[in-house]
Amino acid sequence: MNKVKKLGAIVPVLTLAAGLAACSGGNGKEASPSAGGKSAEATAKASSSAASSQAAGAADTSKFVKVSYVILGDKPKNGQFDAALAEINKLMKQKINAELEWKWVEWADWQTKYNLLLASGDPVDLITIGTDWLDTWGNAQRGAFMNIDDLLPKYAPVTWSSIPQEDWAESKYKGKIVLIPENAYTQWVNHGFFYRGDWAKEAGISEPVKDWDGIEQYLQYIKDNKKNVIPWDATAGVSTFGGWVNSYTQELELPISTGWLPVFATKSVDDPYTVVSPIFDEDTMLNYATKMKSWADKGFWREDVLNYKGDTRTLLKGGMTGLDQHHTQTFGTLRVDMDREQPGSELQMYPFARTNGNLLELSITHGGTSVGAHSKNPERALMAYDLIRNDEQIYRLLNYGIEGVQYEIKDGKRVLPAGYDPKKNEFYSDFWGGRNDKLEIPSSTVWDQLPTTLYAEYDKIKHPYPYGQFVFDKTPVDTELTAISQVTGEMGPSIAFGKAGDPAKAVEAFKTKLKAAGYDKVKAELQKQLDAYKQQMQG
Amino acid sequence: MSAPRTAIRVDGATLLVRTIGYGFIGAFALICLLPFLLVVGTSLTSESSIARHGFNLWPRVFSTFAYKIVFENPDLIIGSYWVTIGITVVGTAVGLFIVAMTGYALQRPDFHYRNRISFFIYFTTLFTGGLVPYFLLINQYLALKDNYLAVLLPGLLSPFLIIMMKSFVRSIPHAITESAKIDGAGDFTIFLRLILPMTTPALATIGLFIAIGYWNEWYNAMLFLSPDMKYRTLQLFLYGVVTSADFVKNSSAASNVDLRDLPLESMKMATAVVATGPVILLYPFVQRFFIKGITVGAVKG
Amino acid sequence: MNSPTAAASPGDSTPHAGTAMPAPGTKRRGTLRTLFANRTLLLMCLPAIVFFLIFSYLPMPGLYLAFVKYNYSDGIFKSPFVGWDNFRFLVITGDLWRLTFNTIAYNVMFILLGNALQIAVAILLNELRNKWFKKISQSLMFLPYFISFVLIGLIAYNILSYDYGLLNGFLKMIGADPVKTYSNPHLWPFIIVVTYLWQSTGYGSIIYFAAVMGLDSEIVEAAEIDGANAIQRIRYIVLPWLKPTFIILLLFSLGGVLRGNFGLFFNLVGANNSALYATTDIIETYVFRSLMTNFNFPMGSAVSLYQSVFGFCVVLSANWLVKRMSPDNSLF
């Protein structure tokens, strides 16, 4: 019984629900944007500012306007960002007679806020998007963004000409450009296990781990030999089924969310247009469930893992657990942290793709920027974007802060200045909407061997991303997809952590429920749309 | 305070009731206190000790680091405190007055429209327009974005409190109103001069409820006060401290944020202590109004 | 100030000479006259009426959202109408009945046990004589209300966890077998109800306490002089006195009988442990799993509407019953 119902009455259940989504984050599937990888190849000077001010000259900038940019993150409280923004705005004023407003959508209940801004028709100018984690195609379908085909060449000429046509093709919804992709920034967000090199060596594992059995051997060693260490102190937010599919099949992940774990995939790189299901086809799911049940029975994680809310990464840094799971960018910074916190730990990553060489390049629309449908100044907004993305001075101010205060350049690397006070001088802008390798400077907080180890390995096995132009129209199966999401959320975690009893029976029950939720209908619709996509790509 | 009855001899049944009373209330109060001590204790424990040993009433490894983080920007937290206090005081005063006035009018048996208005008010607890229209209303039609009124106004009244007030005022005999009317007093005067002073316990209760509502408010603040405002409500500030850390640790979203030694669990506890503290002090103050004698009985003399 | 002579008794509903009885005559004239006669009282209600008009009734047409495929560019009312489509995800897996049952069963437990406990606390507090004890214990009982559900969830895990929990630590100490709380669904209704009571009793009892305080001390004294002991006093004076308050609280909570306490369930049970869902899944947690990945506003509205209509029907019937049995206590 809710006594004071003010809130409860006003806010529908949806919001209450979303309120906690942020807390339950870390869902392996929703890869988060990463500000980590600063793997620029060179710091070649982009002679872009001249070009864009030329374009600005062509446009009418007589009226001073404010351009808002919605990004996700908590506004830094030390005023350093405002200082850098003021510098940026001096340049903005001078070049395009505009002022940039950085609109932070805080992590507290960010899903509600982000979606409300779009749903309520708020006149936002620029907004961060991500097709795989911000439901950007869904929002495009609902008419949240402006078509910018005609505006781009005139108002964002540098961006327009620097992005190749095939990348623009991946930014279109129904033939119209609705977003600007972050296509010029190197990052890898493929997932894998992180394990300690020193413990692996003790366990007699001298080669890099190349499958889940290797991880099992490693965990078993910890279980038997390390007192007070939980081999993998996991939380149930971590979904590894996608990783298993990645390791043990040639199936490709589709850009369609089915909730807690992927229900649909396509056959392989050679046949990327045939829909399959790692749950229904062959025994992928059963093998996975059986393996996880055995890990659970061996005590690799807590008995109450499904309710445990601890922080695996902190425990890893504290030497209290031996395994963590996330993507390559995270590994890049975590390795540096671990070298400091647990000297000699030699943290390693086993990317799931290693086992079968099944690796796709990252979709270029993992990050990007769109213009809001109700924007009042789309022209100036694009002009501002062109500067943010291509003007070296503005780019560095926005991404790194003020030189001498936030960073110094030493031997081509960004380092912290001598008098740097982490509290007073800390800086970040959370700009994930069009970072640019050309203007990036490598940072000392990212493991410097990343390019020579993992990146080099990936380059050998990677395949081009085949679904860049595929936009799944969910409308005909919205209900079924929602129901399927519910089912995966209900039964997925207990199967994934071996807490669902007999694996064979659990997987059967899971299939039955998925069928009831409309699995067949969604699969048929998906196949239909993929067939059309195939025509489009081949015809 | 409750002197009149203590003089009467205490019979067996009364003694029994009192024994049960002391025992039951005492035990229940203790059960309520223990988890809170756990919260205080944990907030003073170092993060690694929590990870190893779980929560404890008494910190194994003492640390005030969590409070340091929460109070990292004392200016901000003090500002947020003032905002919350301001909104709470103004909102409670205004809200309480309107609630009391409406409650009184609605319980008047001679008020022709009382059932219709009661239903009009009650109906809003059942059906609501939903989040999108509500957001549009406040953000665009009322244009209260980045305005403290966006937090203050929606919290003023609640159907529940109005109906509660209505039922409280009912314990004052209608005859009081009647006779005052015969003396020529207007309805509003009767309410202001006669009824209000007689309903102190009710006002204290309802005021407390409104105040707590404002004190705990973060949702409207989250929706309508942007981070561009330097000071927002206390709970939103604290909620932000906890969720951002929570979110960030689970993703690499903001890997430039230094979270190496973030005391996550202890920080959650510390925020609870910081947010609750003042209210614990507030309650005994409110209790003073729950005094027998000011109410109906006294007037009758 | 005149001293009224009539003493009121609990639930007293003396018929009062209507100052505003509609006079016979044409309907229109009568309406106007009634309006005029009630003008002050109406004006006194005006702020509240305006408030609810703006903050509650103005957004209410937005419920239409539950019936459209929402297009952000077109707005709610120009979006295509899709009928009951947004409701289908609730019924498609056949879980709706179980969810509705769970939600109602929990709420009924909360309402009945919650009110019983709150009344008991209020009455017992009133019987106590030690001022300091009363003050301190009342303040302490208030504390849980300020601990967020997130923390309550964490505390519960620390007590109940299998390997490291305080409970199992204690059980092992006395040589008993540890319990696997998080894989035993039958324990959870108990745990959830107890947590609810623990959290809300102090806060909720304030209302009853204030009501008891409003009790006419003359009546109580008269009863004492007549030789009534504490039990009789409670039985024949205090309890009947609290009846109207109870009925109002009851009617209020019935309106939300299909609305679950998301924070409580989500943080205690978690979003991942399907072993416990048979006894702990409520509408809110189900919807959370359904919609957390695709943020679908119309489907959220649809669920909300289902809960509202259901609550509305329950309240109408309950109010009708109350009106028949004790007209003075009905809500409207």
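Colleague: In which loop of chain B does Ala143(B) lie?

Modeller: In this predicted model, Ala143(B) sits in a loop of chain B. The helices on either side are α7 (131–141) and α8 (149–152), so the answer is the loop between α7 and α8 of chain B.

Colleague: What is the phi of Ala143(B)?

Modeller: Most residues other than glycine have a negative phi. Ala143(B) is not a glycine, yet its phi is positive, near 50°.

Colleague: Asp430(A) also has a phi worth checking; what is the value?

Modeller: Asp430(A) is found in the loop between α18 (422–425) and α19 (451–461) of chain A. Asp430(A) is not a glycine, but its phi is positive, about 55°.

Colleague: Is Asp430(A) buried or exposed?

Modeller: The cut-off for burial is 20 or more other C-beta atoms within 10 Å. Asp430(A) has 23 of them, so Asp430(A) is buried.

Colleague: Which residues of helix α17 of chain A are buried?

Modeller: Helix α17(A) covers residues 392–400, and seven of these nine residues are buried, so the helix is largely enclosed by the rest of the structure. The cover includes α4 (80–96), α16 (378–390) and β16 (413–415) of chain A. The buried residues are Ile394(A), Tyr395(A), Arg396(A), Leu397(A), Leu398(A), Asn399(A) and Tyr400(A).

Colleague: Which residue follows α17(A)?

Modeller: The residue that follows α17(A) has a positive phi, near 95°. That residue is Gly401(A).

Colleague: What is the bridge partner of Arg196(A) in β12(A)?

Modeller: Strand β7(A), residues 191–196, is mostly covered, with six of its six residues buried. β7(A) pairs with β12(A), residues 347–351, in the antiparallel sense over five bridges. Within that pairing, the partner of Arg196(A) is Leu347(A).

Colleague: And which residue of β11(A) is the bridge partner of Phe193(A)?

Modeller: β7(A) also pairs with strand β11(A), residues 323–327, again antiparallel and over five bridges. In β11(A), the partner of Phe193(A) is Gln325(A).

Colleague: Which are the edge strands of the open sheet of five strands in chain A?

Modeller: The order of the sheet is β2-β1-β3-β14-β6, with mixed pairing. An edge strand here pairs on one side only. That leaves β2 (98–105) and β6 (180–181) of chain A.

Colleague: Which residue of β2(A) stands opposite Ser68(A)?

Modeller: Strand β1(A), residues 65–72, runs parallel to β2(A), and eight bridges join them. The residue of β2(A) opposite Ser68(A) is Glu101(A).

Colleague: How are α5(B) and α2(C) oriented to each other?

Modeller: Two packed helices are described by the angle between their axes and the distance between the axes. For α5(B), residues 74–107, and α2(C), residues 39–57, the angle is about 135° and the axes are 8 Å apart. The crossing is left-handed. The two helices are therefore oblique.

Colleague: Which residues of α2(C) meet α5(B)?

Modeller: From α5(B), the residues are Ile98(B), Met101(B), Thr102(B) and Ala105(B). By class, this contact has eight nonpolar, one polar and no charged residues. On the side of α2(C) they are Leu41(C), Met44(C), Cys45(C), Pro47(C) and Ala48(C).

Colleague: Which helix gives the most to the side of chain B that touches chain C?

Modeller: The contact places 100 residues of chain B against 86 residues of chain C. The side of chain B has 62 nonpolar, 26 polar and 12 charged residues. The helix that gives the most, with 19 residues, is α2(B), residues 12–43.

Colleague: Which element supplies the largest share of the side of chain C that touches chain A?

Modeller: This contact takes 58 residues from chain C and 51 residues from chain A. By class, the side of chain C has 26 nonpolar, 23 polar and nine charged residues. The largest share, seven residues, comes from α13(C).

Colleague: What distance separates the C-alpha atoms of Phe246(C) and Phe87(C)?

Modeller: Phe246(C) lies in helix α10(C), residues 230–255, and is partly exposed, with 18 other C-beta atoms within 10 Å. Phe87(C) is 159 residues away along the chain.

Terms used: Residues numbered from 1 in each chain as written. Chains lettered and ligands numbered in written order. Predicted model: local features only at pLDDT ≥ 70, side-chain atom pairs only at ≥ 80, totals over all residues. Contact = placed C-beta atoms within 7 Å. Helix = DSSP H or I, 4+ residues; strand = E, 2+ residues; numbered from the N terminus. Nonpolar A, V, L, I, M, F, W, Y, C, P; charged D, E, K, R; others polar. Buried ≥ 20, exposed ≤ 12 C-beta atoms within 10 Å, placed from the backbone. Pairing = 2+ DSSP bridges. Axes fitted to C-alpha atoms, helices over the stretch in contact; angles between N-to-C directions. Parallel < 35°, antiparallel > 145°, perpendicular 65-115°, else oblique. Left-handed = near helix turned anticlockwise from the far one by under 90°.
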